[in-house]
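I keep these entries as a record of what I looked up in the model, topic by topic.

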Amino acid sequence: MQYQKSGRSAVPPRSLRRRWLVLLLLIVLGGVAGGIMSSAGQSSAPEAAGSKPGIAITRTAVVTKGKLVRSIRLTGTTGAENFVSLVTPQLHGSRGGGGRETGAKTYSTGTNTNLTVTSNAGRGTTTSGSSSASSAATGTGGSSSGSSGGTVSSTAGAAGNNQSAALQASTSRVGKPGASSSNASASSSASSSSNTSTASDPLGSTAAALAGTGTAGGGGGAASSEFGLVLQTLVKPGSAVKKGTTVAEFDRQYMMTRLDDYHASVTQTEASVKKLKAEMAVARKAHDQTVEAAKADLDKAKLDIKTTPVLGAIDAERLKLALEEADAQYKQVLAEVKYFDIGQQSLYRNAELDLQQAKIELKRAQTNADRMVMKAAIDGLTVMQNTFRGSEFAQVQEGDQLYPGQPFMQIVDTRKMVINAAVSQVDVEQVRIGLKARVHFDAYPDLELPAHVYAISAITKPGGMRATFVKEVPVRLELDTTDPRVIPDLSVSIDLILQSEEQAVISPLASVFSDGAGKTSFVYVKTPTGFERRDVQLGLANYTSVSVKLGLNAGDVVAAEAPPQEPPKQT
């Protein structure tokens, strides 16, 4: 029984187990609390160490020796100093096809006179014949003919150009005895005629077949097509071109047709002027014959008047009247000579003016055709400009319709590049022409090129859609050396060097302090026993560093902040 009891007592009671659990929990809590106290002790150790003059918590910097620069940081873009801007050409000439279609313009001067000469010589009646000389200018030519009945007539034709189919016509007639008619007339008139075979198109070209030939102002059809500016060919952006290379060409189909039309117009007008000159000589001879005929009539009337003693009173009176009429007619014909010459000169002058007009239009058409082919004026790189294409604002390309005077391309000389930048109005008074600069390229972080200030604007940059309250002044810098990677429109940053000092003892600006009055500058120099205050004499300073003239040497270690024992005022 005792053995069994002792065997049962090997399992500890429930109360004893609870005690062990509580004891184990206390041990764990004690360990956690000890760790917390240990970490707290470690964190408070530096504070305890800092209670005496410490160096570990004070930031320091090393004094160096080298070049100190005071500069201004700018941003800008690259550009070319030498470049050529190509703009859409301005085309000149008649928009309505003037000089290429048949016109109805007529020039006319003249007078009309009717004279009648009747001679009755007693035994019978003699009826005076007619002699006429006519001069007419038409656009189709002229003819000269004579009649066996004593009539002399001449028609001189002057070729007008396509705009003027007929210029002027003058006709003169005088009565001449010996014809069956008793009426003689002297008249000068003007007439114009048109050739039905060439009325629609005198040159036989396609000018009249084109839609809108007669429109003015380039309002559509052929007129707008001839003066349309559609890019037909264009070099690729960024292409290297040589001087004289064709870089752009506008559609010249209709302009070349116009040029051919004016070539034909000038050729036809020149031939017509030569024809007019010959026919004017014929008309002149015919008019001289008219004068001679009138003089012959007068001489005959004078001879007839001598027969009055043997004639009756009525016949004698008729002869007297015939003499008076012949004398008046002769005087009239003589008076017409001056006006006839003036008329002939005006005809020839009008033809010359029409020829000059055709030549001027031909020259304009040739110039327009040449302008529509654009060539490079210098060696360089092609840079395309932007244009609106519907709602899109993009680079100019083939097929675009441009307006006259619109810049669409630049050819830049990459051998000499510039930087276009802007400086704040606060700093612009420090900028001078010739200041040196260092240029850094965002596209090439390893590339740095020297430059200098080339030009400074006299006024600030104009405001945009919104008002700006901090104004900037544009400046331009020229690169002293170039690199093949430098092309137009690259973004850059520029350090504009205002002042520099060689072999200077350089200290951080944060390590220099001053007294309350700001008259004395000093630093804290690290020594084996701590920091030592030392007065210094300063020189050139920028935003981060300062040159120390006296008081420091290269390699000294200075405090970058005030040591704890003495908090002086920082400069």
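Is F388 buried or exposed? I found F388 exposed, because its relative accessible area is 63%, where buried means under 20%, exposed over 50% and partly exposed in between, with a 1.4 Å probe and protein chains only.

Ground rules. I note that this is a predicted model, in which local features need pLDDT of at least 70 and side-chain atom pairs count only at pLDDT 80 or more, while totals for chains, interfaces and linings use all residues. Residues are numbered from 1 along each chain as its sequence is written, and side-chain values use heavy atoms, with hydrogens and water left out.

Aromatic pairs. I looked up ring pairs, meaning rings of Phe, Tyr and Trp (its six-membered ring) with centres within 6.5 Å, where planes under 30 degrees apart count as stacked, over 60 as edge-to-face and the rest as tilted. The structure holds five such pairs. F393 is partly exposed, with a relative accessible area of 48%. Elsewhere, ring pairs link F513, F522 and Y524 into a cluster.

Charges over rings. I then looked for NZ of Lys or CZ of Arg within 6 Å of a ring centre and within 35 degrees of the ring normal. F522, a member of the cluster with F513 and Y524, has R533 over its face, at 3.7 Å from the ring centre. R485 lies over the face of Y444, at 5.0 Å from the ring centre.

Salt bridges. Side chains of opposite charge can pair when their charged atoms come close. I took a salt bridge as a side-chain nitrogen of Lys or Arg within 4 Å of a carboxyl oxygen of Asp or Glu, and by this rule the count comes to 26. Among them, R389 and E392 meet at 3.6 Å, N to O; R389 is partly exposed at 24% relative accessible area, and E392 is partly exposed at 42%. In the bridge between R415 and D413 the closest N and O atoms are 2.9 Å apart, and here I noted an exposed R415, at 66% relative accessibility, and a buried D413, at 9%. E532 and R534 form another, with their closest N and O atoms 3.7 Å apart; E532 is partly exposed at 38%, as is R534 at 26%. I also recorded a network of salt bridges that links R73, R438, E448 and D495.

Sheet. I found an open sheet of four strands in the order β3-β19-β16-β13, with antiparallel pairing. Its edge strands, each pairing on one side only, are β3 (83-87) and β13 (240-241). β3 pairs with β19 (residues 407-412) over five bridges, in the antiparallel sense, and V84 stands opposite I411 in β19.

Helix α5. What span should the 59 residues of helix α5 have? At 1.5 Å a residue, α5 (residues 313-371) should span 87 Å, and its end C-alpha atoms are 86 Å apart, which agrees; the expected span is 1.5 Å times one less than the number of residues. I did record a kink of about 30 degrees in α5, centred on V337, the bend being the angle between axes fitted to the seven residues ending at a residue and the seven starting there.

Methods: Pairing = 2+ DSSP bridges. Helix = DSSP H or I, 4+ residues; strand = E, 2+ residues; numbered from the N terminus.
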